[in-house]
Amino acid sequence: MTESFSASRLTRGNRIFPTRIEVSPDRVARIKPRLVGSTEESIAISNVAVQISTGLLFSDIRIDSTGGSNPIESHGHTKGDARRIRELIEQFQRQRPAAVLQ
């Protein structure tokens, strides 16, 4: 049930190894591949707020944590992907309280 969104290779910092945002019912993760390995940051889905900044072609995404940790930032995503990321996060957050009560 995890959805993955890759940044465009046409944007800065994403030409060789594009950044990926993965959204699951439990967490939001930013994965930045490197020549050897990758760097991954994640925040629990219940602790996130999303900010999208759209340009002419691409969008920048900032995912803040209510826990006070550093935000996850990613640039070079399509507008459609940025909107879908926000929709998924909001959907999973709405489903979360109902699952806890059962």
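**Entry 1: Asp64 and its partner**

I looked up Asp64 and found the residue partly exposed, with a relative accessible area of 23%. On the scale I used, buried means under 20% relative accessible area, exposed means over 50%, and partly exposed lies in between (1.4 Å probe, protein chains only). The side chain of Asp64 meets that of Arg62 in a salt bridge, at 2.9 Å from N to O. I counted a salt bridge where a side-chain nitrogen of Lys or Arg is within 4 Å of a carboxyl oxygen of Asp or Glu. Arg62 is also partly exposed, at 32% relative accessibility.

I note the basis of the entries here. The model is predicted, so I kept to its limits: local features need pLDDT of at least 70, side-chain atom pairs count only at pLDDT 80 or more, and totals for chains, interfaces and linings use all residues. Residues are numbered from 1 along each chain as its sequence is written, and side-chain values use heavy atoms, with hydrogens and water left out.

**Entry 2: strand E6**

I then went along strand E6, residues 58-65. Strands (E, at least two residues) and helices (H or I, at least four) are DSSP runs, numbered from the N terminus. Which side chains of E6 are buried? Ser59, Ile61, Ile63 and Ser65 are buried and point to one face.

**Entry 3: the neighbours of E6**

I checked the pairing next, where two strands pair if DSSP finds at least two bridges between them. Strand E5 (residues 48-54) pairs with E6 in the antiparallel sense over 7 bridges. Gln51 has Arg62 of E6 as its bridge partner. The hairpin from E5 to E6 runs through 3 residues.

E6 also pairs with strand E7 (residues 72-78), again antiparallel, over 6 bridges. Phe58 has Thr78 of E7 as its bridge partner. E6 and E7 form a hairpin with 6 residues between them, and Gly68 in that turn has a positive phi of about 90 degrees.

**Entry 4: the sheet E1 to E4**

I found 4 strands in an open sheet, in the order E1-E2-E3-E4, with antiparallel pairing. The edge strands are E1 (3-6) and E4 (38-44), each of which pairs on one side only. From one strand to the next the twist averages 15 degrees; axes are lines fitted to C-alpha atoms, for helices over the stretch in contact, and angles run from 0 to 180 degrees between N-to-C directions. Strand E3 (residues 27-33) and E4 run antiparallel and are joined by 7 bridges. Lys32 has Thr39 of E4 as its bridge partner.

**Entry 5: salt bridges**

How many salt bridges does a search of the whole structure find? I got 7. Side chains of opposite charge can pair when their charged atoms come close.

One of the pairs is Glu3 with Arg84, at 2.7 Å from N to O. This pair links distant parts of the chain, with Glu3 in strand E1 and Arg84 in helix H1 (residues 79-101), 81 residues apart. Glu3 is partly exposed, with a relative accessible area of 28%, and Arg84 is partly exposed at 30%.

Arg84 forms a salt bridge with Glu87 as well, the closest N and O atoms being 3.8 Å apart. Arg84 and Glu87 are separated by about one helical turn, because they are 3 residues apart in helix H1. Glu87 counts as partly exposed at 42% relative accessibility. I logged Glu3, Arg84 and Glu87 as one network, joined by salt bridges that share partners.
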